[in-house]
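I opened this notebook to record what I looked up in one structure. The entries follow the order in which I worked.

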Protein chains: 2
Amino acid sequence: VSKWRELYQEIRTGIASGQIPAGTKLPSTRDLADERKLSRSTVITAVDQLTAEGFLESRPGSGTYVALGAGGPGKLSFSSPRRFASGGTTAPGARQEGGLIDFRSGQPDLSCFPWSRWEKAERQARLKYGSDLLRYAKPEGLPGLRAAIASYLGRVRGLSVDPERLLVCNGTTQAISLLADIFASVGVHTVWLEDPVTADIVEIFRGRGLGIHRAPVDDQGLMTTELEPGGAGGWAGHVCFVTPSHQFPTGAVLSLNRRVQLIENFQTEGAWLIEDDYDSEFRFDGPPLATLASLDPSRVVYIGTFSKTLAPGLRTAYIHLPESLVERGRQGKWRNDLHNVPLIQAALAEFLDRGYYDLHVRTMRKLYQRKRDLIRETFRDHIPGAVFTGDSAGLHGRVILGHGMVDQPFLDRCQKVGVRVYPVAAHAAEPSRGRQDFILGYGHLSFEEIIEGLGRLRRALEG
Amino acid sequence: VSKWRELYQEIRTGIASGQIPAGTKLPSTRDLADERKLSRSTVITAVDQLTAEGFLESRPGSGTYVALGAGGPGKLSFSSPRRFASGGTTAPGARQEGGLIDFRSGQPDLSCFPWSRWEKAERQARLKYGSDLLRYAKPEGLPGLRAAIASYLGRVRGLSVDPERLLVCNGTTQAISLLADIFASVGVHTVWLEDPVTADIVEIFRGRGLGIHRAPVDDQGLMTTELEPGGAGGWAGHVCFVTPSHQFPTGAVLSLNRRVQLIENFQTEGAWLIEDDYDSEFRFDGPPLATLASLDPSRVVYIGTFSKTLAPGLRTAYIHLPESLVERGRQGKWRNDLHNVPLIQAALAEFLDRGYYDLHVRTMRKLYQRKRDLIRETFRDHIPGAVFTGDSAGLHGRVILGHGMVDQPFLDRCQKVGVRVYPVAAHAAEPSRGRQDFILGYGHLSFEEIIEGLGRLRRALEG
C-alpha cells in the first residue's frame with residue numbers, strides 16, 4: 001500500500017465513522033506533511049483524492065474542510081474506492097461510413113487493440129486448458145477469470161470482491177436482463193431509473209413486468225430527493241439502477257452526498273441498488289469516487305464490463321452479486337444460455353494475469369484524455385455557442401447549446417455537413433429534459449476525425 | 001443432384017401430392033431400374049431412403065408399398081429431407097473424474113476437435129475482418145455465418161433456408177429462452193412438451209408464465225393423439241416443442257404419420273411448432289426423415305446447433321424463424337445480450353466455407369457409429385437382461401431393463417462399481433413413465449471406456 005493511500009484511508013475512515021465531523025477544517029498540507037513525516041506531494045495526493053471523492057471540500061482562500069453530508073452513519077463500512085465500468089448499450093455498426101463522422105457514444109478505439117498480446121493470451125490459454133475449453137462449463141464463469149477480475153477490482157477499483165459472487169455474462173445488456181429476471185423473482189415491483197437513460201434498459205425491465213419510475217439527473221447525477229417509495233412498504237420491493245461514475249448519457253458524476261443518501265434509502269431488506277460502472281476506468285480529472293458497492297456490499301449489485309476498456313466484440317461483462325442473490329444469478333444464467341464462451345473467458349483471464357489489461361487500460365486512458373482535451377479546447381476556443389461538459393470520465397461528453405434546440409432542423413443540418421450527434425432528449429422520458437443537449441462520443445475517432453467533425457459541427461451550429 | 005435423389009424426389013412428390021395413393025405396390029427395383037435406365041443400386045438407395053422416412057413400407061415376401069397415411073394433403077409442400085441438430089442441455093463438467101465412467105448424454109468426443117483447422121479458420125477470419133470483429137454487431141449474427149449455415153442446411157439437410165430468417169444465438173438454451181419470450185409476446189398461452197423432456201426446457205417456458213402440457217412418447221416419438229387443444233380457440237395460442245429426429249431422452253424417431261398429423265394440427269394462425277433438431281447429423285441407420293420445417297416453413301421454428309457436431313464451448317446455435325417472427329427474434333436477442341461473439345462467428349463461417357465442417361461431421365459420424373455398434377453388440381451378446389434402443393441417431397441411446405427398476409438401489413450399485421447412468425424417469429412428469437429405462441450417452445467416451453463401463457454396468461445389473 002502506498003503512503004498517500006494509507007493517509008487517505010485513515011482520513012476517509014475517520015470521516016465515514018463520524019470521528020472527524022463534517023465542517024472540520026483540515027490542517028494545511030504542509031503541517032500535515034510535517035506531522036506525519038510524509039512528503040508534501042504524498043499529502044496533496046491523498047487530499048486531492050478525498051476532495052475528488054467529495055469527502056473534503058476546498059474553500060478558496062480559507063482551506064480544506066470535511067464536506068457536509070460526507071460523514072456516513074457508523075454502520076456504513078467505507079472500504080477503499082477506485083475506478084471501473086460497463087453499459088451504454090449502443091446500436092450496431094459504429095464505423096465511419098463514407099465521409100460521415102459519427103460521434104456515437106460508447107465505442108472504444110479498436111485500432112489500438114493489442115492483437116499480438118491477445119493472441120499470445122489465447123495461445124497460452126489453449127496450452128493450459130486444451131479441450132476443456134470446448135466443453136460445457138459452469139454458469140458463473142471460469143474460476144481463473146473470476147479470480148483475475150476480483151484481483152483487478154481490488155487492485156484498481158479498491159473493491160473487495162469475492163470471486164464466488166462474480167457472475168460472468170455476455171455484456172452489460174445480459175447482466176441487466178438477468179438482473180431483471182432475478183429481481184422479478186424476489187418480489188421486486190418497482191425499478192427507479194435515471195432520466196435520461198439508455199432506452200434499451202427501460203425496455204428490459206418493462207419486459208419483465210416491473211413498474212418503471214424515473215427521476216431526473218442534474219450536474220451531480222441522479223437527483224436522489226426525487227426518489228419516493230410511495231406505498232406502505234417503504235423501499236422494500238424497489239430497485240434503483242444508477243450509473244454513478246459517469247451518468248449515461250449526461251456524463252454527470254454522482255456526488256458523495258447523493259451516494260450516501262442512496263445507500264441509506266436502499267439499506268432495507270428487499271431493496272436493491274444496481275451500480276453500472278461502465279466506463280469509469282477512463283477517469284481523467286482526479287481519482288474517481290468510491291463505488292456504491294464499496295459503501296454497502298449487501299444491497300448493491302455491481303456491474304463491470306470489458307466492452308469499453310478492451311472490445312465490445314468480446315461480449316464480456318460481470319456482475320458482483322450480494323451473497324443472497326448468487327444462487328439465483330447462476331440459475332438465471334444457466335437457463336438463459338448456460339455460460340459464456342470458455343475460449344474467450346480463458347484468453348481474457350490470461351490477458352489479465354499477464355498484466356496486459358492494466359497496461360492497455362493505462363495506455364487508452366492517456367489516449368482518450370488527449371482526445372477529450374482536444375474537444376474541450378476546441379469548444380472553449382472555437383465553438384462559443386455551446387458548452388462541452390460531462391467529460392470527466394469515459395468515452396463521451398455532453399454538449400449544451402447556448403441557444404437553440406437539438407431539434408430535427410439542427411440534426412438535418414448536421415447530416416448535411418456530414419456529422420452525426422445524438423440528442424439527449426431521445427433518452428428522456430420527460431420531453432422537456434435535455435432538449436438543448438446532445439451526446440458527443442469520441443472514443444473511436446482519430447484526432448483528425450475529431451478535428452474535422454467539430455469543424456463540421458460548428459458549421460451546423462452556425463445554421 | 002444425384003440420380004437416386006431425382007428418383008427419390010419424384011416418388012416422394014407423387015406420394016405427397018396424392019398422385020401415388022397409399023397402398024400402391026411399387027414395381028420391383030429391377031423393373032424400376034430397367035424402366036428408368038438407372039443402375040439397380042441407384043434405385044435401391046432411393047427406395048431405402050423413402051422407406052426409412054416412412055413414405056414406403058416393405059412387406060416381407062410381398063414387396064414395397066406406399067405407406068398408409070404417408071400421402072399428405074395437397075397443400076403440404078414436401079421439400080427434400082436431411083439430417084441436423086441441437087439441445088439436450090446437460091449439466092457442466094462431463095469429464096471422466098477419477099475412475100468413474102460417466103455415460104452422460106450430449107457430450108461430443110472433443111479429443112477429435114480439429115484444432116489446427118479451427119485455428120486456420122480463425123486466422124483467415126481475422127485477416128478478412130480485422131478489428132470489425134471487435135465491434136458491436138447486429139443481433140441476427142454475421143451475414144457470412146448465416147449464409148454458410150443456410151448453404152449447409154440446404155446441402156446436407158435439404159432445407160430451403162433464407163439467411164435473413166436465421167438468428168444466431170448462444171446455444172440451444174438461449175434459442176429456447178428467446179422463443180419463450182417471443183411466443184409469450186404474440187399471445188401464446190400453452191406449450192406442449194414431450195414427456196420425458198429435458199427439465200431445463202420445462203423451467204424456461206414456465207418461467208415465462210406459459211402453461212405447460214405434456215404428452216407421452218413411445219417408440220415412434222411423441223404420441224400426437226394425446227395432444228388436445230382444449231378451449232374454443234382450437235390450436236391458436238398453442239406451441240408444441242418437439243425433437244423429431246432423435247427424441248430426447250428416449251431416442252425415438254418421430255414417425256412420418258405423426259409428423260404429418262402435427263403439421264396438420266398446427267397449421268393454424270397463432271399455433272406454432274418448435275423443431276429442435278439437435279443431433280440428427282449423426283444418423284446411423286439409413287437416411288434421416290424430412291424435417292418438420294420442410295413440411296411447413298410458415299409454422300415451424302427450426303433450431304440447429306454446433307454443440308453436438310463441433311463443440312459445446314463454441315456456444316453457437318441458430319434459429320430459422322418463420323417470416324412473421326424474424327423482427328421479434330432480432331429484438332429479443334438484442335435485448336437479451338445484443339449479439340454472439342463475432343470472433344467465434346467469423347471463425348465458424350470460415351470453417352464452414354472451407355469444407356472443414358462437413359468433413360468433421362462425416363468423420364465423427366463414422367466414429368460415433370462404431371461406438372454405437374460396439375454398445376449395441378455388447379448388449380446383444382453380453383447383457384441379456386437389458387435392451388439397448390433409441391440409438392439410430394445421435395450421441396446417446398436408451399437402455400430398457402428386462403426386469404427391475406432404475407431405482408436408488410440400482411443407481412447406488414452403479415456408483416459402487418464406478419459407472420454413472422441417467423434415469424429416464426428423472427425427465428418425466430408422469431412418475432410411472434420410463435421407470436425401467438436409463439439414458440446411455442457415449443459420444444465423449446473412448447472405446448476402452450465404453451468396454452470397461454459396460455462391464456461395470458453388467459455387474460451392477462447382476463446386483
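**Entry 1. Ground rules.** I noted that this is a predicted model, in which local features need pLDDT of at least 70 and side-chain atom pairs count only at pLDDT 80 or more, while totals for chains, interfaces and linings use all residues. Residues are numbered from 1 along each chain as its sequence is written, chains are lettered from A and ligands numbered from 1 in the order in which they are written, and side-chain values use heavy atoms, with hydrogens and water left out.

**Entry 2. The sheet of chain A.** I looked up the strands, which are DSSP runs of E with at least two residues, numbered from the N terminus, as helices are runs of H or I with at least four. Two strands pair if DSSP finds at least two bridges between them. In chain A, eight strands form an open sheet with mixed pairing, in the order β4-β11-β10-β9-β8-β5-β6-β7. Because β4 and β7 (221-222) of chain A stand at the edges with a single partner strand each, one side of each has no neighbour in the sheet.

I then followed two of the pairings. Strand β11 (residues 317-320) of chain A runs antiparallel to β4(A), and four bridges join them; A:V168 has A:Y318 as its bridge partner in β11(A). Strands β9 (residues 272-276) and β10 (residues 300-305) of chain A are parallel and also share four bridges, with A:D276 opposite A:I303 in β10(A).

**Entry 3. Which residues cover the faces of β4(A)?** I used the accessibility classes: buried means under 20% relative accessible area, exposed over 50%, and partly exposed in between (1.4 Å probe, protein chains only). In a regular strand the side chains alternate between the two faces of the sheet. In strand β4 (residues 166-169) of chain A, A:L166 and A:V168 lie on one side and A:L167 and A:C169 on the other, and all are buried.

**Entry 4. The sheet of chain B.** I found an open sheet of eight strands here, with mixed pairing and the order β4-β11-β10-β9-β8-β5-β6-β7 (chain B). Its edge strands are β4 (166-169) and β7 (221-222) of chain B, each pairing on one side only. Strands β8 (residues 238-242) and β9 (residues 272-276) of chain B run parallel and are joined by four bridges; B:W272 in β9(B) is the bridge partner of B:V239.

**Entry 5. Helix α8 of chain A.** How many residues of helix α8 (residues 256-266) are buried? I read eight of its 11 residues as buried, among them A:R258, A:R259 and A:N265.

**Entry 6. Salt bridges within a chain.** A salt bridge is a side-chain nitrogen of Lys or Arg within 4 Å of a carboxyl oxygen of Asp or Glu. A:E350 forms one with A:K128, the closest N and O atoms being 3.1 Å apart. This pair links helix α11 to helix α4 of chain A across 222 residues. A:E350 is buried at 7% relative accessibility, whereas A:K128 is exposed at 53%.

In chain B, the side chains of B:R214 and B:D195 meet at 3.1 Å, N to O. B:R214 is partly exposed at 24%, and B:D195 is buried at 1%.

**Entry 7. Where do chains A and B meet?** Contact means heavy atoms within 4.5 Å, and 53 residues from chain A and 53 residues from chain B take part. Buried area is the accessible area (1.4 Å probe) that two parts lose on being put together, summed over both. The two chains bury about 4,400 Å² between them, 59% of it on carbon and sulfur atoms. A:L134, A:Y136 and A:R335 supply 19% of the area that chain A buries against chain B, more than any other three residues.

I counted six salt bridges between the chains. In one of them the side chains of A:R126 and B:E119 come to 3.0 Å, N to O. A network of salt bridges links A:E119, A:E122, A:R126, B:E119, B:E122 and B:R126.

**Entry 8. A:R208.** I placed A:R208 in the loop between α7 and β6 (211-218) of chain A. At 25% relative accessibility, A:R208 is partly exposed. Apart from its neighbours within four places in sequence, A:R208 is in contact with residues including A:D181, B:D181 and B:R208.
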